[in-house]
Amino acid sequence: MRVEPSEAHVAAHHHDAPTEEATAVEHVFDLRGVGVHYGDFTALQDVSMGLPRNQITALIGPSGCGKSTLLRCLNRMNDLVGSARVTGEVIYNGENIYDADIDPVEVRRRIGMVFQKPNPFPKSIYDNVAFGPRLNGQRKGLDDTVEQALRGAALWDEVKDKLGDSGLALSGGQQQRLCIARAIATEPDVILMDEPCSALDPIATLKIEDLMRELRESYTIVVVTHNMQQAARVSDRTAFFTVNIDDHVGMRTGALVEYDDTEKIFTQASDERTEAYITGRFG
């Protein structure tokens, strides 16, 4: 799998026509008619959007609208669910990651994941961060790799004197930053975050948000959040999803309603469903 950034891609298939400025933005991902199916159930259908490099894209919408399902499409985590099937194309740096010759393990090395609940391994802080690099065959320079990752996750100063302590001994916010350090230790291209602050208190949440803004300099970030203020504070672009309900069969299917610059989504949404959700009248 080629992993170097490709030339700037053609503007993604947005619901709104791309502006001249948008066409100049390089997209790490270009989603084309993406759908996710679990057996006969369609969880998400016909999502087309481009995710710009070195920006934070927020995915928002009510529960069950397919935000996390879409996020897991981006690094083939849905492969781990036996009945899951992905349709359409997920183009990453010019290649469809669902092509038969693409190694999903390599995809996940390039596209890291931080989950909703902090999930450090029951190992030392050092071994948590060194886990990925060791798995990739790194033997030399691990100390430097661990330090750089912990610095990158704004955790080094808090843990540098207790690297041998269990990662589980850290506070919730520290555990989540440890998981971010673990994700960036393998030098990914993209970091996916699935509600990374939902289990954290407000102070820890603000630390993670500050960290996300810093990480954007080096990584492309896609974050699922239920917190409207968080999406407005940290993201460059926002995608709003909703649930379409088929009354005949009772089928609930997630769908992309609107995708645009975050400021526009929050101040002059094009679709009344987006405005209703953001202002709390729905969802």
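These are my notes from looking through a predicted model of one protein chain.

**Ground rules.** Residues count from 1 along each chain as its sequence is written, and side-chain values use heavy atoms, with hydrogens and water left out. Since the model is predicted, local features need pLDDT of at least 70 and side-chain atom pairs count only at pLDDT 80 or more, while totals for chains, interfaces and linings use all residues.

**Confidence.** I checked pLDDT (the predictor's confidence in each residue, from 0 to 100). The chain's mean is 89, with 90% of residues at 70 or more. Residues 2-23 fall below 50, yet beyond near neighbours in sequence this stretch has 46 contacts in the model (heavy atoms within 4.5 Å). I'm leaving the details there alone, because low-pLDDT coordinates should not be read in detail.

**Strands.** I took strands as DSSP runs of E, at least two residues, and helices as runs of H or I, at least four, numbered from the N terminus. Strands pair if DSSP finds at least two bridges between them. Strand 1 (residues 27-38) runs antiparallel to strand 4 (residues 84-92), over eight bridges. I found Phe29 opposite Tyr92 of strand 4. Strand 4 also pairs antiparallel with strand 5 (residues 95-96), through two bridges, and Ile91 has Asn96 as its bridge partner. Strands 4 and 5 make a hairpin with two residues between them, and Asn93 in the turn has a positive phi of about 45°.

**Helices.** Next I looked up helix 4 (residues 125-135) and helix 7 (residues 172-184), whose axes come within 7 Å and cross at roughly 30°. Axes here are lines fitted to C-alpha atoms over the stretch in contact, with angles from 0 to 180 degrees between N-to-C directions. Ile125, Asn128 and Val129 of helix 4 meet Leu178, Ala181 and Arg182 of helix 7.
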